[in-house]
Structure formats: structure tokens, C-alpha cells
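Subject: Structure handover

Hi,

Here is the structure I promised to pass on to you. Have a look at it first, and then read on for what turned up.

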Amino acid sequence: MDTLTIATEDITPVAEDTARAEATTELLQRFEYADGWRSQFEDVARRCYKLYVGYRDELTEEQKGRSNLHIPRTYEAVDTWRARLLKAFFGVSRPYIDFLPSPEGATPEMMEANERKAELASALVDQQLERNNVVSVFYDFITSMLIFPAAILGVGWRYEKRMVRTREPVVQVVPDPMTGAPVPVLLGFQMVEQDGVVWDDNELVNINFFDFWPDPRGKDVDSCRFVFQREWCTQEQLQDRLEVLHQAGTGTVYPIDWEAMRGTGGELQDGAWEMMSSVGLTPEASDGFWPRDDAKGHLFEILHYWEDDRHALLINRKQLAYDGPTPYWRHGKKPFIVVPFDKVPNQIYGISAVQLIEHLQHELNTHRNQRIDNVSLVLNRMWIARRGIDEEQFISRPHGIIWVDNPESDVKPLVTPDVTGSAYNEESVIKQDMESTLATPNVIRGMTPERRETATATMTQASNASMRFDVKILLFDSLGIRRMAMLMDMNNQQFIDQPRLVRLFGDDTAEWQMVGPHEIMGEYDYRPAGASTDPAANKELRRQQLTQALMFAIQTNNPFIKKYELTREWMGSFDFRNVDKFLYTPEEVQEMQQAAQAAEQQQAIMAQMGQPQVGQPMPGMGAPPGMMPGIEPPPEGIA
């Protein structure tokens, strides 16, 4: 049994057990309250997930032989939106998020220092985003937003130590045979095993829709009085977390009866179980084969209870493991981002993209399957026949013969009308409705239009779709990206206590720089560095604008325009992954200009002294080959 507790002189063991039992009952009642309210959204989430993966229930015995296809139009729309949103925020621009220092009460000197701090803080967050594999994380996050009533992202601080193995050289100092001075000699390498910190940074975690319970009265995550989040941990992982909380000394870590906890979570399942079971898959619900006392194998359900100023841990909904203040005192908020695709006023859950086209997808599936069934009936027609005729004679075969007495009355085909023509028209209308609902016309999806249209009509469609997409970008920016940057920045200001080496993007004088904890402190506004509009619809227009601006800057030599930064933006419009490798740095350009000026000065001095310049004939000599009319220089390599 774990005995981690925070010593308190004023609380007796009996009083502590009573307080623990009361807190456990309180949390369980709030969880049941939130779970009962959320259950009405679970059916919507399951239905939309089925449409995304293309799952269809098996046909009954009476329906065997009918068509049962799913047309992946929903996935096509989800993939289009996902690609456009991901490209808008995590394209070629680095850093991903710009930090703007607050100008309130700052002198010009302070503003310059604050701008430098903002640049360093932005570079640190950018480096942490890269370490968290932000593109993969947001790929899943955006997918959840498009399928479920809301997407949930956890932004926390993770500190992890474990035994690491390194290969270190074995060096022996021996005297030099000539001078007698000590000389190090490499004898080989040895493996060294020691405790090491493998993670001490912000951590981004995608949270399954079924693993998050908000306050039913909340309008957004900040207005929620509380939220619950579920995860599954081994005994060893949970003990490590409780040890960190114990060392922090800000709350109460209660002893856990691990033996009593094993086997109590058999009926509890995670969010992945809900999703897999809804599409006919068999999720794994057991822990596998582990010894009963193995701390690394057995899993326990951990319910995290969060308020703005409180955090508690509930194991298998049975025992309270920790109760105390929130560890994130710098921002003082719940460490979550909750973003719906289409926001419903005054509700934390919204309407997903899949839910908007749910009925249209079912209609499309129905029409396609009915059309296939119609074709099957036309090709495999039925017959009206006199009793007594062998049924096997009606099987279609080459040179087949049906023997009858009266061809006019013994056998007649049961004519099934061909309705495929009208079905095609209906399918086009359904697809157009889906495109109009989600603003995903063919030109946006990279598909060839079904009918020929003028360039003006195509541009109008793209522009109208882009306008709706821009609003979604602003919503996603406000609810998701800016909040994530704020939470990560506040965590950095709270937890970082040693200098870090960070990379400064766009600063060619010092690509890597050591940053101390005091150098990132401040109040900032956060702005995504990516495009605030649809990058797909406006890419060509933006490139033309940048080209015109660059030509104007070069022709007018305007001293107020930063030509290097403008050139980088222009090169970036071509979607190069690394623009810097194609550009000279300002220092390299300055060196080339100085070298050219030195060469011109040398030629001028030589001209004043009467010496021939490069390409000029010596006095009394003819012009070099190639300079005389009608004479070409010899080919290279021929004297």
C-alpha cells in the first residue's frame, strides 16, 4: 500500500478519512450530474463517427442480395476542411505563433526590450510545438472537431524521469614518450546507466470526446464550474505523478489500497471503446496477462476533476488519490481547449460538419443503392410463367431454350422500368446540397467540375467558399490557437527554471540562442503567423500582390521597405519548405556589395595609372580573341 501523505498536525487520521469520504462522494455526484447531461450528445457522436468511417449495419436475412454501399462523400468533405485548416495555421511560416508585447505603461526603451522577450518566448513555444509533433496533434484535433460536437485538447506540463543509457568514452591519461607531458588516450567506450530527465516541457494531448465531461451549465470551458477528464494509467505511472504532487506540497495525497483497486475497473471503458464498438469492432477491455502485483501492467481509470483553482484525482471511481489547488497557478484556468465546428450560442457543444450533412449522406447512400438494385432487377428480370414449367429453364445461359406450348401466354417477362436516369439527376442534386452546406465545391476540393463553367464563375465559387472559410478560421483562431499559446506561455513562465537553447526563426545573425527564465517573462498578445484567410483560394492572388509590391520596392528603392523580409514572403508564397536556403542573408549581400565596390575602386585606380583594365588590350597589341570583328575565340581546351 502506498503511504504518500502530506503531514498535517491539525487533522487527525479519522478526520482525514471523513474529509476524504465526503470529497469522494461530492465528486461522484458531480460526475453523475455531468454524465447524465452529456449522454444526449453521445448518440450524435456515434452516428457521425459511423458516417466518417463508412460503417453500415449488415443487411437482415430478408434483405440479403440488396446493395449496401456507403459513398464516402462525408470523408471527402472532412478531408477538405481538415487540409485547409491545417495548412492555414501550420504551413511554411515559422514560428507558428507570433507574440506581441503589451504596450501598456511601457516606455520606448521598455518596448524594445519587451519585443525581444516576446521573440524569445515565441521561439520557445514554437520549439515545444515541434517537439509535441503539432501537425499530427492538430490533424487529430481538427478531425475530432469535424466529427464530434466539440474537440478537446489538453495543455499541461509534463515532467518525466527515467533510467537512460548512454555511450561514453573511456579515456586514460598517459605521458608522452617524447616530451613526458600528459596526453589523453581513447581506450574505447562504455555504457553508462543513470537517471535522466526525458521530458520537462509543455505537453499537448488530444482528449477523446467520450473522455471529457463539462459542466452542463457552462457556455465555454472558462464559464464551466468544473470539468472531468478521464485517462488510464498504470500503478507505476500514477505513483510517479503522486510523488511529484507530494513534493510540491500544495495539496493532500491520500494512501491508495492498490490491492483493493485491482479488478474494480472491469466495467469501466475508455473513449476508444465507445468508438470501436459503435462500428462493429471488438475493443480490448482487459489488461492482458500480467502478474497480480506487477505495477507496470495493470491499468486504472483516473478521473481528473478540474476547477479554476482546484484539482483532484479519483481512481476507478472508488478512491480519492489527491485533492488540492490547481498546479497551474500562473494562468489560473482549466488546462483545456474546447472548439466546436459550428458554435451554438451559449452552449459549449456545437454542431459538427458531419452532423450538418448527416441526412444528405444517408439520402445519397439510399439513392445509390436503389439505383444498383434497379440495374440488378433490369439485368436479372423476373418472369410470368404457367405453372409446371421447370424453373431452371429461366436461368440465363448462351443458346438457352424455354420449352412452352403457347409462347404468347405461357411465358411473359415482368418488365422493371429503368429509373437510373432520374437517379443520376437526384444524386447530382444531393451532392450539390452537400457542397453548399459545407462550402466545398469541386474547385475547392481539387476536383474537375461536373459541368463546364467559365473562369469567372469558378472564381466566384472559390471566393464565396473562401469567405465562409475565413470566418471559421477566425473562430478556430480565437477559441483554439490563441488559448493554446496563452496556456503554453504561462506554463513556461511558471515551470522553466533553467536556461534553454532555442532557435530563432528569421534571425540570421544568431540561429540558436540560450534563453533564461527571466527573458520570457511578460504579458503578450498571441497571433498565429499563418494566413488569416483561406490559403488555397488566395494563394495565386497573394503571390501576385507580393510580386507587385516587390517590383515597386526595387524600382523606387523606397528606404522604408524592408526588401529582405518582402523577398522572404514572396519566396514563401511558392510553398518552399526552407526558404532560407534559396536566399542570401543580409550580411552576405553586404559582403558582396563591399567586394564589388572594392573591385570598382581597384579598376578606377588602375585606369588612372594607365594600366589596362580587365578585357582591355595592352598598348601596342591587338584586341584579344573574341573582341575583333569576325574572329571568334578558340573552343575551350584548344590552345
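Helices here are DSSP runs of H or I with at least four residues, strands are runs of E with at least two, and both are numbered from the N terminus. Please keep in mind that this is a predicted model, where local features need pLDDT of at least 70, side-chain atom pairs count only at pLDDT 80 or more, and totals for chains, interfaces and linings use all residues. Residues are numbered from 1 along each chain as its sequence is written, and side-chain values use heavy atoms, with hydrogens and water left out.

First, the overall picture. The protein chain holds 15 helices and 15 strands. Of its 639 residues, 37% count as buried (buried is under 20% relative accessible area, exposed is over 50%, and partly exposed is in between, with a 1.4 Å probe and protein chains only). Contact means heavy atoms within 4.5 Å. Among the contacts in the chain with a separation of 6 or more, 73% are between residues 24 or more positions apart.

Now to the loops. R317 sits in the loop between β8 (311–315) and β9 (319–324). R317 is not a glycine, yet its phi is positive, at about 60 degrees. With a relative accessible area of 24%, R317 is partly exposed. A second residue of this kind is N557, in the loop between α13 (535–556) and α14 (563–572). N557 has a positive phi of about 50 degrees, although it is not a glycine either. Its relative accessible area is 54%, so N557 is exposed.

Next, the helix packing. Axes are lines fitted to C-alpha atoms, for helices over the stretch in contact, and angles run from 0 to 180 degrees between N-to-C directions. Angles under 35 degrees count as roughly parallel, over 145 as roughly antiparallel, 65 to 115 as roughly perpendicular, and the rest as oblique. A crossing is left-handed if the near helix is turned anticlockwise from the far one by less than a right angle, and right-handed if clockwise.

How do α9 and α10 run relative to each other, parallel or antiparallel? The axes of α9 (residues 358–379) and α10 (residues 420–438) come within 10 Å and cross at roughly 165 degrees, which means that α9 is roughly antiparallel to α10. Their crossing is left-handed. On the α9 side the contact includes L360, L364, R368 and V375, and on the α10 side Y424, I430, D433 and M434 are among the residues involved. By class, this contact has 7 nonpolar, 5 polar and 7 charged residues (Ala, Val, Leu, Ile, Met, Phe, Trp, Tyr, Cys and Pro count as nonpolar, Asp, Glu, Lys and Arg as charged, and the others, Gly among them, as polar).

H367 counts as buried because its relative accessibility is 19%. Leaving aside neighbours within four places in sequence, H367 is in contact with E426 and I430. The C-alpha atoms of H367 and E427 are 6.9 Å from each other, though the two residues are 60 apart along the chain.

α10 also meets α2 (residues 73–89): the axes come within 11 Å and cross at roughly 25 degrees, so α2 is roughly parallel to α10. The crossing of α2 and α10 is right-handed. R73, A77 and W81 of α2 make this contact with K431, M434, E435 and L438 of α10. These residues divide into 4 nonpolar, no polar and 3 charged.

α2 has a crossing with α4 (residues 134–147) too, where the axes come within 10 Å at roughly 135 degrees. That angle makes α2 oblique to α4, and the crossing is right-handed. Among the residues that meet here are W81, L85 and L86 in α2 and F138, Y139 and I142 in α4. The contact of α2 with α4 has 10 nonpolar, 1 polar and 2 charged residues.

Last, the cysteines. How many disulfides does the count come to? Taking a disulfide as a pair of cysteine sulfur atoms within 2.5 Å, the count is 0. C48 is buried, with a relative accessible area of 0%, and C224 is buried too, at 3%.

Best wishes
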